[in-house]
Amino acid sequence: MSAFDALRIAGSGMTLHRKFLDAVSDNVANINTAAAPDQEAFKERFIVAQANDYGSGTGGVRVAGAAFGSGEGKLVYSPDNPLADDEGYVRLPDIDLGTQMTNMLIAQRGYQANISAISRATDAYQAALSLGKNL
Amino acid sequence: MIGIGDTTTAALHAALSGLAQRQRVSSDNIANVNTPGFLAGRTDFESNLRSELSSGDTPVVGGGSVHRSLAATRTDGNNVDLDSETVIATETGLRYQLALQALNGKYDLLSAAMRTQ
């Protein structure tokens, strides 16, 4: 346990949710990224959250890694696309925009919850620092 | 009798330490609000403090214990409830300030006693 631990822990939550948000925006940005049919489509990325030393006391959360969706995607008829094969198909990622928007909200709200935890911890630490000030 | 390290000061110190621990645990719960399989932590220092005070012992600072909440989990195995965490964190912050003010009052009293005219 170090000084101002609550701030460090909430900060780790903010980092995790920001990375979650980064992954979601990357997925949305690549929602129309085409690939040739014989190649893999863009794979949607998920963040793997893991509690730091769960139960032993250090607290906080970290990004344990990334998980990827399927590269199979879907074949779309788009003969104008330079990547299209002889039959006019390209491979697009099979990313559901609704899921991505929901994940974005989850990440955003999680980020906000950690910000309020920080502001409450700051109030408490601020009060502790004024102990015995007016003696 | 007022002493510098008397039971009141020790009890307030123990309360401050327990409340700080609860705030840290609450912070941990909020940080892990989206971590699959995470069970919310709950801090208890009051029962220790109460039994120490009622048996007349000087309270031990840092006598809080953390256990995992057994509340129902979501489908991802996580049972952090953001509503109750917010209430716990707010209440803990206010109680922390209350204990600090009581400690400040104690120190005011001591400093008044030490002042000559």
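Guide: A word on the terms comes first: an axis here is a line fitted to C-alpha atoms, for helices over the stretch in contact, and angles run from 0 to 180 degrees between N-to-C directions. In this predicted model, helix H1 (residues 5-29) of chain A and helix H2 (residues 97-129) of chain A have axes that come within 8 Å and cross at roughly 160°. Because angles over 145 degrees count as roughly antiparallel, H1(A) is roughly antiparallel to H2(A), and the crossing in which H1(A) passes H2(A) is left-handed.

The residues that H1(A) brings to this contact include Ala6(A), Leu7(A), Ala10(A), Phe20(A) and Val24(A), while those of H2(A) include Met104(A), Ala107(A), Tyr111(A), Ile115(A) and Ile118(A). By class, the contact of H1(A) with H2(A) comprises 15 nonpolar, 8 polar and 1 charged residues.

As for annotation, an unreviewed UniProt entry places the feature "domain: Flagellar basal body rod protein N-terminal" at residues 7-34 of chain A, a stretch that is 82% helix and 0% strand, with its end C-alpha atoms 43 Å apart. The feature "domain: Flagellar basal-body/hook protein C-terminal", also from UniProt (unreviewed entry), is placed at residues 88-131 of chain A, where the chain is 75% helix and 9% strand and the end C-alpha atoms are 74 Å apart.

The two helices also take part in the contact between chains, which takes 26 residues from chain A and 24 residues from chain B: H1, strand S1 (45-51) and H2 of chain A are the elements that give two or more residues to the side of chain A that touches chain B, and H2(A) gives the most to that side, with 11 residues.

Methods: Residues are numbered from 1 along each chain as its sequence is written. Chains are lettered from A and ligands numbered from 1 in the order in which they are written. This is a predicted model: local features need pLDDT of at least 70, side-chain atom pairs count only at pLDDT 80 or more; totals for chains, interfaces and linings use all residues. Helices (H or I, at least four residues) and strands (E, at least two) are DSSP runs, numbered from the N terminus. Angles under 35 degrees count as roughly parallel, over 145 as roughly antiparallel, 65 to 115 as roughly perpendicular and the rest as oblique. A crossing is left-handed if the near helix is turned anticlockwise from the far one by less than a right angle, and right-handed if clockwise. Two residues are in contact if their C-beta atoms, placed from the backbone, lie within 7 Å. Ala, Val, Leu, Ile, Met, Phe, Trp, Tyr, Cys and Pro count as nonpolar, Asp, Glu, Lys and Arg as charged, and the others, Gly among them, as polar. UniProt positions are given in the numbering used here, feature names are shortened, and annotations may be inferred rather than shown by experiment.
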